[in-house]
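Hello,

Here is the structure you were waiting for. Please have a look at it first; my notes follow below.

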Amino acid sequence: MTIGSLLAFLYFNIYPARVWLGDTGALALGSMLAVIALMINASLVLPIIGLVLVVEAISSLSQWASKALRGGKKIFLAAPIHHHLRQKVGMKLK
């Protein structure tokens, strides 16, 4: 069931994207990865998966804090960090 939903998401996410993966879907996928890692005794992979989520959250919080405390000055072109990296390579955000 999960593979089918991911394949459908990937099909409808081909440029131009018609479906967005929100927080609910991302949390479900992260939980599924964690459960699978625990089931197959690959729990050493969990910090790597979690590091990506922590970096994304820290980049958003630092952008918000910078704008609030430094009078609107930004650290990144866009937050979270993956949007900043997309803009650096010239991909448009919609």
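Pro 80 sits in the loop between H3 and helix H4 (81–88). Helices here are DSSP runs of H or I with at least four residues, strands are runs of E with at least two, and both are numbered from the N terminus. A cis peptide bond joins Ala 79 to Pro 80, with omega about 0 degrees. Most peptide bonds are trans, and most residues other than glycine have a negative phi.

Before you go further: this is a predicted model, in which local features need pLDDT of at least 70 and side-chain atom pairs count only at pLDDT 80 or more, while totals for chains, interfaces and linings use all residues. Residues are numbered from 1 along each chain as its sequence is written, and side-chain values use heavy atoms, with hydrogens and water left out.

Now the backbone at Asn 41. Asn 41 lies in the loop between helix H2 (23–39) and H3. Its phi is positive, near 55 degrees, and Asn 41 is not a glycine. Is Asn 41 buried or exposed? Asn 41 counts as exposed because its relative accessible area is 72%. The cut-offs are under 20% relative accessible area for buried and over 50% for exposed, with partly exposed in between (1.4 Å probe, protein chains only). A positive phi also turns up at Gly 71, which follows H3, with a value near 70 degrees.

Next, H3 itself. H3 has 24 residues and reaches 34 Å from its first C-alpha to its last, close to the 34 Å expected at 1.5 Å a residue. The expected span is 1.5 Å times one less than the number of residues. Ser 59, Gln 63 and Ser 66 are buried in H3. H4 is part of what covers the buried residues of H3. Contact here means heavy atoms within 4.5 Å.

Gln 63 deserves a look. Gln 63 counts as buried because its relative accessibility is 6%. Its side chain reaches the backbone nitrogen of Ile 75 at 3.0 Å. A polar contact is a pair of N or O atoms within 3.5 Å; within protein, one must be able to donate a hydrogen and the other to accept it, and residues adjacent in sequence count only if both atoms are side-chain atoms. Leaving aside neighbours within four places in sequence, Gln 63 is in contact with Lys 74, Ile 75, Phe 76, Leu 77, Ala 78 and Ala 79.

Ile 48 is also in H3 (residues 46–69). Ile 48 counts as exposed because its relative accessibility is 59%.

Last, the largest pocket. About 750 Å³ of space lies in it. Of its 24 lining residues, the closest to the centre are Leu 21, Gly 22, Ala 26, Leu 53 and His 82. A pocket is an open set of points on a 1 Å grid over the protein atoms alone, where a 1.4 Å probe fits, with protein on both sides within 12 Å along at least five of seven lines; lining residues have an atom within 4 Å of a point. Points are joined across faces, edges and corners, and the volume is the space filled by probe spheres set on them. H2, H3 and H4 each supply at least two lining residues. H2 gives the most, with eight. The lining divides into 14 nonpolar, seven polar and three charged residues. Nonpolar covers Ala, Val, Leu, Ile, Met, Phe, Trp, Tyr, Cys and Pro; charged covers Asp, Glu, Lys and Arg; the others, Gly among them, are polar.

Best wishes
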